[in-house]
Amino acid sequence: MGGGQVTNWQGKRVTVAGLGVSGIPAAKVLHGLGAQVTVVNDGDDTRAREQAAELEALGITVRLGDGATLPDGTELIVTAPGWKPDKPLFAAAEKAGVPVWGDVELAWRLRGPDAAPWLAVTGTNGKTTTVQMLATILQAAGLRTAAVGNIGVSLLDAVLGDEQYDVLAVELSSYQLHWAPSLRAHSAAVLNLAPDHLDWHGSMEAYARDKGRVYEGNRVACVYNAADKATEDLVREADVEEGCRAVGFTLGTPAPSQLGVVDGILVDRAFVEDQEKNAQELAEVSDVKPPAPHNIANALAAAALARAYGVPARAVRDGLRAFTPDAHRIAHIADVAQVAYVDDSKATNTHAAEASLAAYESIVWIAGGLAKGATFDELVAKSAKRLRGAVLIGADRALIREALARHAPEVPVVDLDRTDTGAMLQAVQEAQRLAQPGDTVLLAPACASMDMFANYNKRGDAFAEAVRELGAGA
């Protein structure tokens, strides 16, 4: 089961590691192909038992509460992307010579001979937005496409379903790339690299290495961020097909083989004849929603991948104009008493929060939550001059408070010693007290949400509800 496609699954003994959003579809697909499937899962709660019953009714074996032991006779493991590489199950697999694939690898191997090529996007932040922009641009060019992977349509559904696609816009996490050794994209982009998920990968080097896998075997273009040398280094290290090009994107004037910005216009100096002399206008900065710097970078990366696929310039403009950003990504909620309230609850790490803070001049910052091992000194030092005040919530807020004391001692800080969901209303009220006309109250927590909320969506919803209460009382 090494490099090539597996054409005969009949009787293959496959272990699926983990119930959940990728494990259950993988188990069903493999069972449908004739494999003997055993699902192993660490948890044994009510939800897991319900899921197990559903699979067992189909004839799939499920072992709950024991994700560590390799089932006898296993020929392949298909793992959920979140399972850490250091789990005992994988050590046992390595000892037994059993390959481990993720859901992305499985989808890649199950593609038909005329399958749609993949345009792949990874990076610490901006993946989802970039992939959605890319899909909208491809659709504007009249291509049959979908945003798949970590978002939208599942990759297995996209590969095995009845829908015929010309090309797929694929979001890939570092976890998924770790378990996808044979993936070979048409073109790919690494948007940025910052410390994240280090508890899973073990080190920044391992994290970067897994992100860099997206470039392996690229045919047309490896798209990198000219402002983030680490992404360019990954291109240099990648083993690509002959003729594949390195294409940069920059918020400044582009050099040859780059996309960039000139006088408020997104321009292409990579996919044009005579790059030394020519540049193709693609769209105006005002076509990008919202036109925050990091979102313009997302748009340029999406445009580069679309252009690598041969999309005309007009489709880039039309696609960007048609694109609607998701909720909780720099979403303007309301203006109350000449103060803007902006929800960027999706900024769950310092890198995302830094991009968000860079988009506004004078900010009352609502931050805090679960730090996931992050430190905040660099973020605070870079953003200090923009801060009017800060309101801190959540379990690890002391880490941010200490960074503010070190790097922005003059900024007033309100430390809310509570982690109940009602804390958000108090946080917004405190932020209103600190804000002056023309300021932006920005929820960009730089932390995960699970100490107080089910997810970042619920956190953003609580912020929006609190702002509406403010408005009602204004």
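User: Leaving aside its neighbours within four places in sequence, which residues is H328 in contact with?

Analyst: H328 is in contact with D343, D344, S345, K346, Y456, N457, G460 and D461, where contact means heavy atoms within 4.5 Å. This is a predicted model in which local features need pLDDT of at least 70 and side-chain atom pairs count only at pLDDT 80 or more, while totals for chains, interfaces and linings use all residues. Residues are numbered from 1 along each chain as its sequence is written, and side-chain values use heavy atoms, with hydrogens and water left out.

User: Where is the place of H328, and is H328 buried or exposed?

Analyst: H328 is in the loop between α12 (313–322) and β15 (331–336). Helices (H or I, at least four residues) and strands (E, at least two) are DSSP runs, numbered from the N terminus. H328 has a relative accessible area of 6% and is therefore buried. Buried means under 20% relative accessible area, exposed over 50%, and partly exposed in between (1.4 Å probe, protein chains only).

User: Which side chain does a polar contact join to that of H328?

Analyst: The side chain of D343, at 2.6 Å. A polar contact is a pair of N or O atoms within 3.5 Å; within protein, one must be able to donate a hydrogen and the other to accept it, and residues adjacent in sequence count only if both atoms are side-chain atoms.

User: Changing topic: which strands form the open sheet with parallel pairing, and in what order?

Analyst: Five strands form that sheet, in the order β3-β2-β1-β4-β5. Two strands pair if DSSP finds at least two bridges between them.

User: Which strands stand at the edges?

Analyst: β3 (61–64) and β5 (100–102) do; each has a single partner strand, so one side of each is left without a neighbour in the sheet. On average, neighbouring strands here are turned by 25° against each other, direction ignored. Axes are lines fitted to C-alpha atoms, for helices over the stretch in contact, and angles run from 0 to 180 degrees between N-to-C directions.

User: How many bridges are there between β4 and β5?

Analyst: Three: β4 (residues 76–79) pairs with β5 in the parallel sense. The bridge partner of T79 is G102 in β5.

User: Which strands does helix α3 lie across?

Analyst: Helix α3 (residues 88–96) lies across β1 (13–17), β2 (36–41), β4 and β5, and runs at about 155° to β4. A92 is in this helix; its relative accessible area is 26%, so A92 is partly exposed.

User: What about the open sheet with mixed pairing: what is its order?

Analyst: Nine strands form it, in the order β7-β8-β6-β9-β10-β11-β12-β13-β14. Its edge strands are β7 (147–149) and β14 (280–284), each pairing on one side only.

User: Which helix packs on that sheet, touching β9, β10 and β11?

Analyst: Helix α10 (residues 229–237) does, and its direction makes about 160° with that of β10 (221–225). Helix α11 (residues 293–308) lies across β6, β9, β10, β11, β12 (258–262), β13 (265–268) and β14, running at about 135° to β12.

User: Which residues touch the most other members of the largest nonpolar core?

Analyst: W9, L30, V39, L106, W118, L168 and Y215, out of 54 residues. A nonpolar core is a set of buried Ala, Val, Leu, Ile, Met, Phe, Trp, Tyr and Cys residues joined through side-chain atoms within 4.5 Å. Helix α4 (residues 103–110) gives the largest share of this core, five residues. A second, separate core of 44 residues includes A147, V167, A283 and A308.

User: How many aromatic pairs does a search of the whole structure find?

Analyst: Four aromatic pairs are found. The rings of W9 and W101 have centres 6.1 Å apart and planes at 85°, so this pair is edge-to-face. W9 lies in the segment before β1 and W101 in strand β5, 92 residues apart. Both W9 and W101 are buried.

User: What are the cut-offs for rings to pair?

Analyst: Rings of Phe, Tyr and Trp (its six-membered ring) pair if their centres lie within 6.5 Å; planes under 30 degrees apart count as stacked, over 60 as edge-to-face and the rest as tilted.

User: Which residues form one aromatic cluster?

Analyst: W83, F90 and W179 form one such cluster.
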